[in-house]
Number of protein chains: 2
Amino acid sequence: MRRAVSLAHSYRLLNHGPTTLIASSHAGRRNVMAAAWVMPLDFDPPKLAAVIAADTWTRELVEASGEFTVCVPTTAQADLTLAVGSLSGRDVDKFARFHLDVEPAAFVSAPLVGGCAAWLECRVVPEAGIAERHDLFLAEVVAAWADDALYRDGEWRFAADGPRTIHHLKGGLFFATGERIRASKP
Amino acid sequence: MRRAVSLAHSYRLLNHGPTTLIASSHAGRRNVMAAAWVMPLDFDPPKLAAVIAADTWTRELVEASGEFTVCVPTTAQADLTLAVGSLSGRDVDKFARFHLDVEPAAFVSAPLVGGCAAWLECRVVPEAGIAERHDLFLAEVVAAWADDALYRDGEWRFAADGPRTIHHLKGGLFFATGERIRASKP
């Protein structure tokens, strides 16, 4: 079940470097793309950084709306992640094509993609120079959610044989998030 | 054995979101810190983005030298990663304290930390505004290296029971990079 994650803990949804889906919406049009280059940027208020290439339909929707969601897909969605990363929303409605369930976000117009492990609702922090020069967007996280079967009590708790978050290597190659390691101080 | 990775493939060393060590050096002083908030930014020329907090000794060394290395630690270095992230280089020489082996980089003054899975030599791309406002540094990758026991022929190839890269959740909690998944297009 999707439950709210405190803003103070929202960085933990991305801190381990999972690949993501970025969803966007503006004036009745919407899109979803795959994005591996997303990372936390600050704790309080929580912010993140995301690369959104200049020629994408997502870029147009994000620049027009000033909003997007970052959805964290699972091992069960690796094929979907590859698929939405391989087509342009200018050519096809990916929500219809891939039968995506969506739920409305609480604070932004972009949707939350169903079946994901976590979701962050984001408002762009204006930094036009780095968007133009580097395709880099900074955003404040205004709400965060996670599937409580996978994340609860402030951390990811994956079952040995259950779904996990995924990390993109290249093309259609991913790694599942693996074994938990507790480090000790020397 | 440490072998060169082509600049065109260097993004693959970070694309899956591993946590990193950032090493720096200036005028005979050097430091190493833990940094989870590092991601690729561009393919050609390869660039990356990294958050380096304003109050750190690393920040001083990076701003003074305009250079740093990003080293990718392994499961065997989780304790070390926690340790170097828990002390300031202003107070202690972490290289001596933790008996770190280092090798010289090819193009930058910052060292390469021994025992890591991969290394990226970086030169800061001047974007002073986002450094001041967001502690965010952009850098061009000018050389890249990987341990050929872990990365070869253009991708990570972890043995089932061997060392892997690690992903930071919070505090001393990490995940190992897990099972390889090949996605298929629908």
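1. Where does P45(A) lie in chain A? P45(A) sits in the loop between strand 4 (38-43) and strand 5 (46-51) of chain A. Keep in mind from the start that this is a predicted model.

2. P45(B) is in the loop between strand 4 and strand 5 of chain B. As background, most peptide bonds are trans.

3. H99(B) isn't a glycine, and still has a positive phi of about 50°. Look for H99(B) in the loop between helix 3 (94-97) and strand 7 (102-104) of chain B. For context, most residues other than glycine have a negative phi.

4. How are the two chains arranged? Rotate by 180°, with 0.0 Å of shift along the axis, and chain B superposes on chain A with an RMSD of 0.0 Å. That is the relation of a two-fold axis. Both copies use the same surface, too: 100% of the contact residues of chain B recur in chain A.

5. Next, the interface itself. On chain B, 55 residues are in contact with 55 residues of chain A. Between them the two chains bury about 4,800 Å², and 66% of that is on carbon and sulfur atoms.

6. What about polar links across the interface? There are 24 residue pairs in polar contact between chain B and chain A, counting pairs with both residues at pLDDT 80 or more. Several elements give two or more residues to the side of chain B that touches chain A, among them strand 4 (38-43), strand 5 (46-51), helix 2 (78-84), helix 4 (128-134) and strand 10 (136-147) of chain B. The largest share of that side, 10 residues, comes from strand 14 of chain B. Sorted by type, the residues on this side of chain B come to 30 nonpolar, 13 polar and 12 charged.

7. Strand 14 (residues 173-182) of chain A and strand 14 of chain B run antiparallel, and 7 bridges join them.

8. R133(A) and E127(B) meet through their side chains in a salt bridge, at 2.7 Å from N to O. Over all chains, the count comes to 20 salt bridges.

9. For a salt bridge inside a chain, go to E63(A) and R59(A), where the closest N and O atoms are 3.0 Å apart. Why are E63(A) and R59(A) separated by about one helical turn? Because they are 4 residues apart in helix 1 (residues 57-65) of chain A.

Key: Residues are numbered from 1 along each chain as its sequence is written. Chains are lettered from A and ligands numbered from 1 in the order in which they are written. This is a predicted model: local features need pLDDT of at least 70, side-chain atom pairs count only at pLDDT 80 or more; totals for chains, interfaces and linings use all residues. Side-chain values use heavy atoms; hydrogens and water are left out. Contact means heavy atoms within 4.5 Å. Buried area is the accessible area (1.4 Å probe) that two parts lose on being put together, summed over both. A salt bridge is a side-chain nitrogen of Lys or Arg within 4 Å of a carboxyl oxygen of Asp or Glu. A polar contact is a pair of N or O atoms within 3.5 Å; within protein, one must be able to donate a hydrogen and the other to accept it, and residues adjacent in sequence count only if both atoms are side-chain atoms. Ala, Val, Leu, Ile, Met, Phe, Trp, Tyr, Cys and Pro count as nonpolar, Asp, Glu, Lys and Arg as charged, and the others, Gly among them, as polar. Two strands pair if DSSP finds at least two bridges between them. Copies are superposed by least squares on the C-alpha atoms of residues with pLDDT of at least 70 in both.
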